[in-house]
Amino acid sequence: SKSGMDIDEVDRMLEIACKMDCVKVKGLMTIGSLYADLDENKKLFEICNNLFVDISAKKYDNISMEYLSMGMSGDYADAIAHGITMIRVGTAIFGARNYSRQ
């Protein structure tokens with residue numbers, strides 16, 4: 001139920017966002033696929049970490065790469081190995097939840 005943007009759209013979005021005084025991009029967030037195996041998610045984490053570093057080096061106005069949030073309870077250790085600065089482990093803390101609409 002969640003989606004974002006394709007990686008090839010990020011530069012264009014940042015070019016637009018950096019010209020908007022009311023928008024402050026502070027980092028990147030990704031969630032690995034529920035259906036991918038751990039190796040696929042590791043590749044995604046590596047790609048996102050590289051993108052995070054590349055964006056940081058470009059020094060866009062209004063954009064500061066402070067946060068890299070990747071993974072969730074099931075793959076947080078791999079996300080840590082790939083440079084995350086923010087961890088999301090809600091299921092590990094609160095248990096599984098049902099998000100279906102009733």
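## Briefing: a predicted chain with four helices and two strands

The mean positions of the 12 positive and 15 negative charges of the chain are 7 Å apart. Lys and Arg count as positive here, and Asp and Glu as negative, while His and the chain ends are not counted. Each charge is placed at NZ of Lys, CZ of Arg, CG of Asp or CD of Glu. This is a predicted model, in which local features need pLDDT of at least 70, side-chain atom pairs count only at pLDDT 80 or more, and totals for chains, interfaces and linings use all residues. Residues are numbered from 1 along each chain as its sequence is written, and side-chain values use heavy atoms, leaving out hydrogens and water.

**Overall layout**
- The chain holds four helices and two strands. Both are DSSP runs numbered from the N terminus: helices are H or I with at least four residues, strands are E with at least two.
- From the N terminus on, the order is α-β-α-β-α-α.
- The C-alpha trace spans about 40 × 35 × 25 Å along its principal axes.

**Surface and burial**
- The chain exposes about 7400 Å², and carbon and sulfur atoms supply 54% of that area. Areas come from the Shrake-Rupley method with a 1.4 Å probe, and for residues only the protein chains shown count as cover.
- Of the 102 residues, 29% count as buried. Buried means under 20% relative accessible area, exposed means over 50%, and partly exposed lies in between (1.4 Å probe, protein chains only).

**The nonpolar core**
- The largest nonpolar core has 18 residues. Such a core is a set of buried Ala, Val, Leu, Ile, Met, Phe, Trp, Tyr and Cys residues joined through side-chain atoms within 4.5 Å.
- Leu14, Leu28, Ile55, Ile63, Met65 and Met70 have the most contacts inside this core.
- Two or more core residues come from each of α1 (10-17), β1 (25-30), α2 (38-58) and β2 (63-70).
- Helix α2 gives the largest share, five residues.

**Contacts along the chain**
- Contact means heavy atoms within 4.5 Å. Of the contacts with a separation of 6 or more, 53% join residues 24 or more positions apart.
- Beyond its neighbours within four places in sequence, Met70 touches residues including Phe45, Cys48, His82 and Arg88.

**Cysteines**
- The structure holds zero disulfides, a disulfide being a pair of cysteine sulfur atoms within 2.5 Å.
- For Cys22, the nearest cysteine sulfur is that of Cys18, 12 Å away.
- Cys22 is exposed, at 74% relative accessible area, whereas Cys48 is buried, at 11%.

**Asp39**
- Asp39 sits in helix α2. It is partly exposed, at 49% relative accessible area.
- Asp39 and Asp78 are 39 residues apart along the chain, and their C-alpha atoms are separated by 9.4 Å.
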